[in-house]
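Okay everyone, thanks for coming.

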Amino acid sequence: MVRYFQNPYEDYECGAVAIYIDTICGQINEYLENITKRLPATRSKVDGGLYVGVTGVSFMFYQLAKNLRLSENKSAYLAKALEYLSPALEVSAGDKTSFLLGDAGTYALSTVLYKEMGDGNFKESLKQYQSLFKLYLNPKFLKCGGDEFFVGRAGYLAGALWLTRELQTPILSPDEWFQLCNVIVDSGREYSSKFKSPCPLMYHYYNTEYLGAAHGLSFILQMLLTVPGYISHNKSAAHDIKTTIDYMVFLQTDEGNWPACMEERTMKEHKLVHWCHGAPGVVYLMAKAYLVYQEQKYLEACIKAAELIWKKGLLFKGPGICHGVSGNGYVFLLLYRLTDEEKYLYRAKMFAEFLNTEAFNRDAKLPDNPESLYEGAAGAVCFLSDLLYVDKAEFPFQDVFTSY
C-alpha cells in the first residue's frame, strides 16, 4: 500500500529561499475559519486533551499570539486561546497525570496563557501541575507503561521543560528533575534486563517496545538528554543513555527510516514515515544528541532522515503533525536551524505549498479529528506560522535548541 503522494517538486538548486508572508497568512486564515466553524469550544470536545481536543486548538492560538510576525492580532489570538481552553478548565480531559491526553497538559497551557495575559491565576495552575510530580515517582505508576510521552513520565518532563522556558524560571528543583529522571532510567534498565534487550534502556507501552516519538524510546531519551544537568549529575545513567542512543543510530536503515517498534527491526522495509512512528519523530533525538555530544554520526542520521522524508513524506493521512504533511515538514525546519542550509527551508516551503494543491485537497484522507492539533488543521497552522519565523520554529514540546 502506498502511503504518500509522489513528490511533484524539483529539489533545491541554489539561491536564497523567499517566504511569501501574505500567501502563508492566507493559508493560516483559511484554516482558522474552518477550525472555529467546525470545532466549537465546548465541553463535549475536551476529550483528547492537547492531542485531539479543544486544548490543542487553544495551544495553536497561543502559538499564533507569540509569533512576532503576527503581533497585530495578538490580543485576538489570546482571547481565542482562552475561549478554547475554558471548557477543559471546567471538565476533566481524562487521566489527570497525562500530559498530551489529559489534565496535566491543561494545567501547563493554562499556566503560560494566564501568565501571558497578566492574570495572577497562573500561579494556581502552576501549583496544580507541580502537585502531580510525586505521582510519577511510584515505580508502578502505570501498568500499561508509565514512561512514554502521551500519558507517562516523559510527557510530564516535556511539559515541565516547556513551562520552564515559557515562564523563564525553573518549575522543578534540580533534585526533583533528577529524581524523575532516575525513576525513568531505573524503569528502562529493569525492563531491558528482564526482556534481554540489546541496549541498556528499553520501555514498553501496552507490551509493545515502540521506538518512535509518540510512545517510544526516542522521545524518552530526548527528554533525559534535555533535563538540565542530568547527564553530568548521573554518570552511570549518562553511559546507558548514550549507549542506547547509539543503538538507535545502528537501527536506522540505509533509506533513513527506523522501525516503529523493536518487534519490527528485522523487517526489510519500514513504511511508516510519521512523527509518531518512524524517522520524522526519531530525528529530534538525533538532533539533540548532535547538539549535546557534537558527534557527526548524529547529524548524518538527521540528514538521512530528511532525505527519506523529502521522498516519502507527503502523506495521504492529512495535514496534521502526528502522521501528516505538516509533521514531516517540521523536520526540514529543524534541519534548517541545525545546518543553516537553504535547501531545508526550500523543502519546508514546498511541503507547505503542497497543502494548497488540488491533488492534496482532492485525494488526502480526512483525519479522525480533522481540526485538531496533532491529527489535523491546528497542527498545520502551527507549522505554517513557524515558516513565518523560522529561527524559532519547533515541533510542539520538542525544542532541541534551548539550554535550560
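**A cysteine, a histidine and their surroundings**

So, Cys322 sits in the loop between helix H13 (296-312) and H14, where helices are DSSP runs of H or I with at least four residues, numbered from the N terminus. Quick note: this is a predicted model, where local features need pLDDT of at least 70, side-chain atom pairs count only at pLDDT 80 or more, and totals for chains, interfaces and linings use all residues. Residues are numbered from 1 along each chain as its sequence is written, and side-chain values use heavy atoms, with hydrogens and water left out.

Is Cys322 buried or exposed? Its relative accessibility is 2%, so Cys322 counts as buried (under 20% relative accessible area; exposed is over 50%, partly exposed in between, with a 1.4 Å probe and protein chains only). His323 is in the loop between H13 and H14 too, and at 14% relative accessible area His323 is buried.

What do they touch? Contact here means heavy atoms within 4.5 Å. Leaving aside neighbours within four places in sequence, Cys322 contacts Tyr51, His274, Trp275, Cys276 and Tyr374. With that same exclusion, the contacts of His323 include Tyr51, His274, Cys276 and Glu375.

Now the record: an unreviewed UniProt entry annotates Cys276, Cys322 and His323 as "binding site". UniProt positions are given in the numbering used here, feature names are shortened, and annotations may be inferred rather than shown by experiment. These residues are spread over 48 residues of sequence, yet they cluster in space, with a largest C-alpha distance of 6.5 Å.

Note on methods
Helix = DSSP H or I, 4+ residues; strand = E, 2+ residues; numbered from the N terminus.
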